Amino acid sequence: MGILVAQTTKRALEASLKKLLLRKPLNKITISDITEDCGVNRMTFYYHFKDIYDLVDWILMEDAAEALEGLQDFETWSGALREMLEKVQANRVLVLNVYRSISREQVEQYLYKMLDPLLRMFIERENIPVQEEDKQFIIDFYKYGFVGMVLEWIRKDMKTDPVLLTRRLNKLLHGGIRRTLLKFQAGGGTVALPKD
């Protein structure tokens, strides 16, 4: 099967799953439902995915990769973050179903995959020499904080406008990444803890 044909088939299976999710929850959808809606046989489904959760994982990871493609054009952190939240919101039905049916971990991995390179890009732009280990530590700190906030937003049905959420997060972050990098600047990463 050619790469283009395989990609087209996967996208068709994705479209069918998203269509079915408008009518029933993920845990009530079967592979037969998807293949019937899509007009392919079960073997075609199994050629591409081992189960429905594998299809969901592929959809989320493809969307994360797609969202990241355009982020290099953003000059500001807030614009990129807003774009990411809007992408999550555009997949609202799927993300909420995954969050409620499978595991919070799958949604977390999706968000981590989107945020890690985004944070790295903005940290690199600061051009402050920091050891790679410290740089990843800083990325992880902000990434886990953001993912926690975004998961809470998802849990509350994404009711807060992404623009407002981005503004709030931006206020927390404004200048914060730069100050943190300066504290960790090459050689200054190890901070002595105060004695009791």
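User: Before we start, what counts as buried, exposed or partly exposed here?
Analyst: Buried means under 20% relative accessible area, exposed means over 50%, and partly exposed is in between. This is a predicted model, by the way.

User: OK. Is Tyr-46 buried, exposed or partly exposed?
Analyst: Tyr-46 has a relative accessible area of 36%, so it is partly exposed.

User: And Phe-45, buried or exposed?
Analyst: Buried, because its relative accessibility is 0%.

User: How many aromatic pairs are in the whole structure?
Analyst: A search of the whole structure gives 6 aromatic pairs. Phe-45 and Tyr-46 form an aromatic pair, and it is edge-to-face.

User: What's the geometry of the Phe-45 and Tyr-46 pair?
Analyst: The rings are 5.7 Å apart, centre to centre, with 85 degrees between the planes.

User: Switching to charges over rings. What sits over the ring of Phe-122?
Analyst: The charged end of Arg-125, 5.1 Å from the ring centre.

User: And over the face of Tyr-112?
Analyst: That is Lys-143, at 5.5 Å from the ring centre.

User: Back up a bit. How many helices and strands does the chain have?
Analyst: There are 10 helices and 0 strands. Along the sequence the pattern reads α-α-α-α-α-α-α-α-α-α.

User: What share of the chain is buried?
Analyst: Of its 196 residues, 44% count as buried. The accessible surface of the chain is about 11,100 Å², and 53% of that belongs to carbon and sulfur atoms.

User: Now Thr-166. Where is it?
Analyst: Thr-166 is in helix α9, residues 162-173.

User: Why does Thr-166 count as buried?
Analyst: Because its relative accessibility is 4%, and the cut-off for buried is under 20%.

User: What does Thr-166 contact, leaving aside neighbours within four places in sequence?
Analyst: Ser-78, Leu-81, Arg-82 and Leu-85.

User: Last one, Val-40. Where does it sit?
Analyst: Val-40 is in the loop between α2 (31-38) and α3 (42-48). With a relative accessible area of 25%, Val-40 is partly exposed.

User: What does Val-40 touch, not counting residues up to four places away?
Analyst: Leu-13 and Thr-35.

User: How are Val-40 and Thr-9 placed, in sequence and in space?
Analyst: They are 31 residues apart in sequence and 8.8 Å apart in space, C-alpha to C-alpha.

How values were computed
Residues numbered from 1 in each chain as written. Predicted model: local features only at pLDDT ≥ 70, side-chain atom pairs only at ≥ 80, totals over all residues. Heavy atoms only, no water. Helix = DSSP H or I, 4+ residues; strand = E, 2+ residues; numbered from the N terminus. Buried < 20%, exposed > 50% of the residue type's maximum accessible area, 1.4 Å probe, protein only. Contact = heavy atoms within 4.5 Å. Phe/Tyr/Trp six-rings, centres within 6.5 Å; stacked < 30°, edge-to-face > 60°. Lys NZ or Arg CZ within 6 Å of the ring centre and 35° of its normal. Areas by Shrake-Rupley, 256 points an atom, 1.4 Å probe, with all protein chains shown as cover.
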